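Visitor: I would like to learn how to read a helix in a protein model. Could you take me through this one?

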Amino acid sequence: MKNIFRKLLPLILIGLVPFSNLFYWTLNGTQRGVYDLTTDLDRSLPLIKIFIIPYMTLWFFLAFCYVYLCFKNRKVYYRIMITLFLCYVVAFTTYYFFQTTVPRPIVTGDDIFSKLILFTYNSDAPNNCFPSIHVITAYLAVKGINATNARKLIKFPVNIIGFLIIISTEFVKQHVIMDIFFAIFICQTFFILIVYLEQQYILYNSVKIQNSLNENINQ
C-alpha cells in the first residue's frame, strides 16, 4: 500500500493546473488598465468556428499527457512541472502589471460550434491573455512527451492535438500571436535553464566526489 501511495504522490503536482485558476480568476479584470496587442496579422486571420473543438479539449489532453508523463519518465515529469510553475509565476505577474485583452468578433449562427464559442466567451472574460495559459500548458505537455521514449503511436497524436490546441487560441479569437509566442518563449527558456542547472549540479557533485576520493588517496 505504501509503495502504491509513493508512486501516486507525484501526481499531486498536476494540481498546479486547476489550482492556478484561483489566481487566474482573481486577476481576470481591467481594473489596473488594459492593453491590446492585436496586430494586422491577427486581424487578417478569420474566426474559424470548428477550432473551438480542440480549444475545449485542453483539460482532457493535459490529464492524459501529464499522468502518462508521471509514470513514463519521472525525471522529465519533474522538469515539466517546475517549468510550469515558473511559467505560471511569470504569467500571473504579467497579468497584474500588464493586463491585455483580445477584441472578440460578433458570433452569429445557431450551430453547435457557435454555441460553444459563445459559451467560452461568456465564461471567460477577454483578459489574462499575454502569455496564454492555454498555450503554456499544452506546449509543455507536448514537450514532455517528446522528451521521453514514448512510442510514435503516442507521440504523433499528442503532437497533432497539441498543435491544434495552440493554434485554436488564435482562430477562436481568445488570444493573439504575441500571446502564443511569449508563452512558448518562456516555456523554452525555463526548461533549458532547468536542464542546464541540473547538469551543473551533477557536474559539481561529481567533482566534489572526485576531490574527496583524491584526498582520501593522498592520506
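Visitor: How many residues does α9 have, and how far does it reach?

Guide: Helices (H or I, at least four residues) and strands (E, at least two) are DSSP runs, numbered from the N terminus. The expected span of a helix is 1.5 Å times one less than its number of residues. Here α9 has 14 residues and reaches 20 Å from its first C-alpha to its last, close to the 20 Å expected. Keep in mind that this is a predicted model, where local features need pLDDT of at least 70 and side-chain atom pairs count only at pLDDT 80 or more, while totals for chains, interfaces and linings use all residues. Residues are numbered from 1 along each chain as its sequence is written, and side-chain values use heavy atoms, with hydrogens and water left out.

Visitor: How many residues of α9 are buried?

Guide: Buried means under 20% relative accessible area, exposed over 50%, and partly exposed in between (1.4 Å probe, protein chains only). In α9, 12 of the 14 residues are buried, so this helix is largely enclosed by the rest of the structure. Among them are Ile133, Val135, Leu140 and Ile145.

Visitor: At what angle do α9 and α10 pack?

Guide: Axes are lines fitted to C-alpha atoms, for helices over the stretch in contact, and angles run from 0 to 180 degrees between N-to-C directions. Helix α9 (residues 133-146) and helix α10 (residues 152-171) pack at about 165°, and their axes are 9 Å apart. The pair is therefore roughly antiparallel; that word covers angles over 145 degrees, with under 35 counting as roughly parallel, 65 to 115 as roughly perpendicular and the rest as oblique.

Visitor: Which residues make the contact?

Guide: Contact means heavy atoms within 4.5 Å. On the α9 side, the residues include His134, Ala138, Tyr139 and Val142, and on the α10 side they include Ile154, Val158, Gly162 and Ile165. An α-helix has 3.6 residues a turn, so residues three or four places apart point the same way.

Visitor: Is serine 168 buried or exposed?

Guide: Serine 168, found in helix α10, has 0% relative accessibility and counts as buried. Leaving aside neighbours within four places in sequence, serine 168 is in contact with Phe51, Pro54 and Tyr55.

Visitor: And what about arginine 74?

Guide: Arginine 74 lies in helix α7 (residues 74-97) and is partly exposed, with a relative accessible area of 27%.

Visitor: Finally, how many helices and strands are there in the protein?

Guide: The protein has 11 helices and 2 strands.
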